[in-house]
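Trainee: Before we look at the model together, could you show me how to read its features one at a time, beginning with the ligand?

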Amino acid sequence: MTSTDRQYFRNMYAANYDPWNFETSSYERRKYALTLDTLTKERYRNAFEPGCSIGVLSELLAPRCERLLATDIIPSALAQATHRLEQYENVVVERRAIPESWPNDTFDLVVLSEIAYYFDVETLSDIVSLVVRSAERGTQVLGVHWRGGTDYPLTGDRAHEVINANINLRRVVHHLEKEFVIDLWERVG
Ligand SMILES: C[S@@+](CC[C@H](N)C(=O)[O-])C[C@H]1O[C@@H](n2cnc3c(N)ncnc32)[C@H](O)[C@@H]1O
């Protein structure tokens, strides 16, 4: 199965400004809290969240980061993210698609939250290589994904297996629940 067609996301946002109920869902609220608690460092110098949607998780990450780059491919989602995050001078919101517009920068945190399973194995492997290329020793990569059935190219578990297969990443936290998985990896070597 190839990566999810971008029209899928356009359709989702055309039907609903917050298609996954990030603002209101108690499931998301608890998952976000666990996501933040999984980060072992109090502060990050330069973080990247591709696929930031309307910026709900980005807003929670912002106080932990000197700088946060939050990107997405859908203009309406980015407009909401920009509005939500305008009070944070350390956050930059950009329209940018991965893997082709991967930023030319070095990050000490990359957050892959509910995005990795939209890619096929080859594309996700390429994305993980880009993560590693823009990492320094000790850079952390956080993955968090729904484990239920979808029609996406990968399950959440398979997406984490693909990330885990990169020899430059060592898993340091693994949190598994019926509904979602959270992993934290560190760049080694
Ligand atoms: C399920 S949302 C995840 C939102 C956020 N990371 C969170 O966990 O709260 C996935 C987002 O990824 C975006 N997206 C999909 N393909 C992308 C790509 N190739 N590059 C950047 N963003 C993409 C979608 O537009 C959508 O807003």
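Mentor: A polar contact is a pair of N or O atoms within 3.5 Å; within protein, one must be able to donate a hydrogen and the other to accept it, and residues adjacent in sequence count only if both atoms are side-chain atoms. This is a predicted model, in which local features need pLDDT of at least 70 and side-chain atom pairs count only at pLDDT 80 or more, while totals for chains, interfaces and linings use all residues. Residues are numbered from 1 along each chain as its sequence is written, and side-chain values use heavy atoms, with hydrogens and water left out.

Trainee: Which polar atom of Glu 49 lies 2.9 Å from the ligand, one of the side chain or one of the backbone?

Mentor: In Glu 49 a polar side-chain atom lies 2.9 Å from a nitrogen atom of the ligand, whereas Gly 51 places a polar backbone atom 2.8 Å from a ligand nitrogen. An oxygen atom of the ligand is 2.5 Å from a polar side-chain atom of Ser 113. By accessible area (Shrake-Rupley method, 1.4 Å probe), the ligand taken alone exposes 610 Å², of which the protein buries 99%.

Trainee: How many salt bridges does a search of the whole structure find?

Mentor: Side chains of opposite charge can pair when their charged atoms come close. With a salt bridge taken as a side-chain nitrogen of Lys or Arg within 4 Å of a carboxyl oxygen of Asp or Glu, the search finds 13. One of them joins Glu 136 to Arg 45, with the closest N and O atoms 3.2 Å apart. Because Glu 136 lies in strand S5 (residues 135-146) and Arg 45 in the loop between helix H2 (26-38) and strand S1 (47-50), the pair ties together parts that are 91 residues apart in sequence. Helices (H or I, at least four residues) and strands (E, at least two) are DSSP runs, numbered from the N terminus.

Trainee: Where is Pro 99 placed?

Mentor: Most residues other than glycine have a negative phi, and most peptide bonds are trans. Pro 99 is in the loop between strand S3 (91-95) and strand S4 (107-113), and a cis peptide bond with omega of about 5 degrees joins Ile 98 to Pro 99. Asn 21, in the loop between H1 and H2, has a positive phi near 55 degrees.
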